Amino acid sequence: MDYFLITTSLLKILGILFVIILPMVSYTIYAERRVSAFIQDRVGPNRVGPAGLFQPVADIAKLLFKEDFSPRNANTFYYWLAPCLALIPAIVTFAVVPFGSTLFGVPMVIADINVGILFVFAIASLGVYGIVLGGWASNSKYPFLGGVRSSSQMISYELSLGLAVIPIFLVVGQLRLTDVVRYQIDHGWMIAPFLGDWTNPAKWLLAIPMLVSFVVFSVAIFAETNRLPFDLPEAEQELAGGYNTEYSSMKFGLFFLGEYAAMITGSAIVVTLFFGAWHLPIPSWHGGFHWALIDGSGDGWRGILGGLFNIATFFAKVAVLLFVFIWVRWTLPRFRYDQLMRLGWVFFFEIALVNIFITAIILAYYPA
Amino acid sequence: MSPFLFWIFAGLMLVFGAGVVLNRNPVASALSLVVSFLGLAALFMSLDAYFIGIIQVLVYAGAVMVLFLFIIMLLDLRAEKLRKINWLASAGGIAVAVALSVQILYVIGNFRFSQQPFPPLARSTVDDVHHVGSLLFENYNLPFQIIGVLVLVATIGVVVLSKRELR
C-alpha cells in the first residue's frame, strides 16, 4: 500500500470537491442570475451581502429548509436515486482532468490514466440515467417527456462529441490528458498556432481542423449539458421544467447542482483539450524571443507560487468558458426538437467525420 | 491486483446479475444490468486492461443500456409484473443452471493447471491502447475492414426496413 499516494489523492479529491467545484457551482448560479439580469436590463439579486454576493448561501439555506415533497404515485426508490445519479457522474469526470502542474512535487491530477478522454466520455454518458430515471419515476407526463427527450438528445450528441476529439488525438498520439497538455506546452495550444513553435507551417495548417473540432465539441457539450439553445429536456414553456418538475427542496437542488457541475467539467475538458489547460504562455526576451513556462517545478516558494498560479490559470479559463455558457443561454432562442436532431445527425456528425480525414491527410503530408 | 477488490466487484456483479433475472420490474432489471457491467469494467481495470474496461462502460453501460431503458420506458411494459410465476418452469430452469454449474466446477476441479498458482504476469512496456490499436490495424486489418463493411450493410438495412411504407 502506498500511503503517500492515497493521502495525497484523498486531499486532492476533497480539495477539488469542497474548495473548488461546489463553491464554483454556487457562484456560477449567482453569475447566471446577475449576467441574465444585465443582458435583460434588470438588476438581479443584489440584496444579500455586498452586490448580492451571499445570495448562494441564502439559496442553499432555502433549498435545505423547504418541504421535501414526493408525489403519491412516484416510484419512491428511483425517485430518490435519480438526483444522486444526475450529480455523481458530473463530479467523477473531474478525476482525470489535469487542473494544475505540480504542487509540492505532487502532480495536480487525481487519476492520470492512459485512457483519460475515454474515461470522461464513459462517465459522462452515465449522467443520462439520472435524468431519465427522474422523469420516469415521477410518474407524471411532462417529466417523462423531458426524460425521453434528454436520453435521445444525449445519445445523438455523444457521437459528434466523441468524433470531434479524434483529430486531437491523431495529432498528439496519446489518449492521456496530461500528454495532451504536455504537447500543447511544447507546440502551442491546439487552436492557437502562434504560441509554442509558431514557425512550423504544419502547425498553422492543423489549426484549421482543430478549430472545426473545437466548434463541434463545444456545441455538443452544450447539448450534453442540456443548456440553451439545446435545453429541450427542461423547456419551461413546453414541459413546465421537464424532468425535475415533480422535485422539490434539496432533491431539486441536486439536479441543479448536477447540471452546473456538468457545465464546469465540460468547460474543464474544453480548456484541457483546446486551450492548453493550466498553461499560460508569457512572452520573454532572455537571449531571443521565446515563451516562458511557469510551473511548479521551481524550488522553495517559487515552485509553490508557480503551482498555485497554474491552478488559478486553469480555473480562470474555466470561468471564462462558463461565462460563455451563460452568455449563449440568454442570447439565443431554443431550437425546435426536429431541428436539434437534424443538426446533430446530419450536420455535426458529418463535419466531425470529414474533419478526421482532413487531419489525417495533413498529418500524412507533415509527419510529426 | 488486490484480492479484496476482486471479491467486492465479483460479488457485486453476481448479486446484480441475479437481480436482472429476479426483478419483476423491467426498469429495475435494466439498471441491475448496468451495475453488473460496471462491476465487469472494474474487474478489467484491476487487471490493468484500462481500455477494455472503459469501452465496456462507454458502449454497454453508457449507450446500449440507455437505449434499452429508453425502449422499456416508451413501451411502458407492465405485462411482466402481472404475469404469474410458472413454478414448474422456474424449477426446471434452476435445475438446468445447477447442473451446468456442477459440471463446470467438476471440470475446473480436475483441470491440472487450475491447481497451481500462476506466476505473476510480466508488466508490458507498451500502453494497452497502443497494443490494441496495433493489433487491430496491423495483424487483423482485413477482418477489421470486413467487420466495418458488415456494420455498414446492417445500418443501411435498418434504414431501408424502417423507411418502408407499411401496406
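Colleague: How many salt bridges does the structure hold over all chains?
Modeller: This is a predicted model. A salt bridge here needs a Lys or Arg side-chain nitrogen within 4 Å of an Asp or Glu carboxyl oxygen. Over all chains, the number of salt bridges is 5.

Colleague: Which residue forms a salt bridge with A:Arg329, and how many residues apart in sequence are the parts that the pair ties together?
Modeller: A:Arg329 pairs with A:Glu32, and their closest N and O atoms are 3.6 Å apart. A:Arg329 lies in helix 10 (residues 301-329) of chain A and A:Glu32 in helix 1 of chain A, so the parts tied together are separated in sequence by 297 residues.

Colleague: Is A:Glu32 buried or exposed?
Modeller: The cut-off for buried is under 20% relative accessible area. A:Glu32 has 4% relative accessibility, so the residue counts as buried.

Colleague: Which helices does the salt bridge of A:Arg33 and A:Asp59 tie together?
Modeller: The closest N and O atoms of A:Arg33 and A:Asp59 are 3.0 Å apart. A:Arg33 counts as partly exposed at 32% relative accessibility. The two residues are 26 residues apart in sequence; A:Arg33 lies in helix 1 of chain A and A:Asp59 in helix 2 of chain A, so the pair ties together helix 1 and helix 2 of chain A.

Colleague: Where do A:Asp112 and A:Arg176 lie?
Modeller: Their side chains meet in a salt bridge at 3.8 Å, N to O. The pair links distant parts of the chain, 64 residues apart. A:Asp112 is in the loop between strand 2 (106-107) and helix 4 (116-137) of chain A, and A:Arg176 is in the loop between helix 5 (141-172) and helix 6 (177-187) of chain A.

Colleague: What are the relative accessible areas of A:Asp112 and A:Arg176, and which residues does their network join?
Modeller: A:Asp112 is partly exposed, at 36%. A:Arg176 is partly exposed too, at 23%. Salt bridges with shared partners make one network of A:Asp112, A:Arg176 and A:Asp179.

Colleague: How many salt bridges are there between chain B and chain A?
Modeller: The two chains bury about 2200 Å² between them, 77% of it on carbon and sulfur atoms. Polar contact is found for 2 residue pairs across this interface, both at pLDDT 80 or more. The salt bridge count between chain B and chain A is 0.

Colleague: Which helix of chain B supplies the largest share of the side that touches chain A?
Modeller: The contact takes 25 residues from chain B and 25 residues from chain A. Across the interface, 2 residue pairs are in polar contact. At least two residues of chain B's side come from each of helix 2 (26-46), helix 3 (50-75) and helix 6 (128-139) of chain B. The largest share, 15 residues, belongs to helix 3 of chain B.

Colleague: How do the residues on that side of chain B divide into nonpolar, polar and charged?
Modeller: Of the area buried between chain B and chain A, 77% is on carbon and sulfur atoms. Polar contact across the interface involves 2 residue pairs. The residues of chain B that touch chain A divide into 20 nonpolar, 3 polar and 2 charged.

Colleague: What separates the C-alpha centres of domain 2 and domain 3 of chain B?
Modeller: Chain B is divided into domain 1 (1-83), domain 2 (84-118) and domain 3 (126-167). For domain 2 and domain 3 of chain B, the C-alpha centres lie apart by 35 Å.

Colleague: What is the C-alpha separation of B:Met13 and B:Gly39?
Modeller: B:Met13 sits in helix 1 (residues 3-22) of chain B and counts as partly exposed at 21% relative accessibility. Not counting residues up to four places away in sequence, B:Met13 touches B:Ser36, B:Gly39, B:Leu40 and B:Leu43. B:Met13 and B:Gly39 are 26 residues apart along the chain, yet their C-alpha atoms are separated by 5.3 Å.

Colleague: Is A:Ala277 buried or exposed?
Modeller: A:Ala277 has a positive phi of about 45° although it is not a glycine. A:Ala277 lies in the loop between helix 9 (249-274) and strand 3 (282-285) of chain A. With a relative accessible area of 0%, A:Ala277 is buried.

Colleague: And A:Asp41, buried or exposed?
Modeller: A:Asp41 is not a glycine either, and its phi is positive, near 60°. Its place is the loop between helix 1 (3-39) and helix 2 (55-65) of chain A. At a relative accessible area of 72%, A:Asp41 is exposed.

Terms used
Residues are numbered from 1 along each chain as its sequence is written. Chains are lettered from A and ligands numbered from 1 in the order in which they are written. This is a predicted model: local features need pLDDT of at least 70, side-chain atom pairs count only at pLDDT 80 or more; totals for chains, interfaces and linings use all residues. Side-chain values use heavy atoms; hydrogens and water are left out. Contact means heavy atoms within 4.5 Å. Buried area is the accessible area (1.4 Å probe) that two parts lose on being put together, summed over both. A polar contact is a pair of N or O atoms within 3.5 Å; within protein, one must be able to donate a hydrogen and the other to accept it, and residues adjacent in sequence count only if both atoms are side-chain atoms. Helices (H or I, at least four residues) and strands (E, at least two) are DSSP runs, numbered from the N terminus. Ala, Val, Leu, Ile, Met, Phe, Trp, Tyr, Cys and Pro count as nonpolar, Asp, Glu, Lys and Arg as charged, and the others, Gly among them, as polar. Buried means under 20% relative accessible area, exposed over 50%, partly exposed in between (1.4 Å probe, protein chains only). Domain bounds come from an automatic or database domain assignment.
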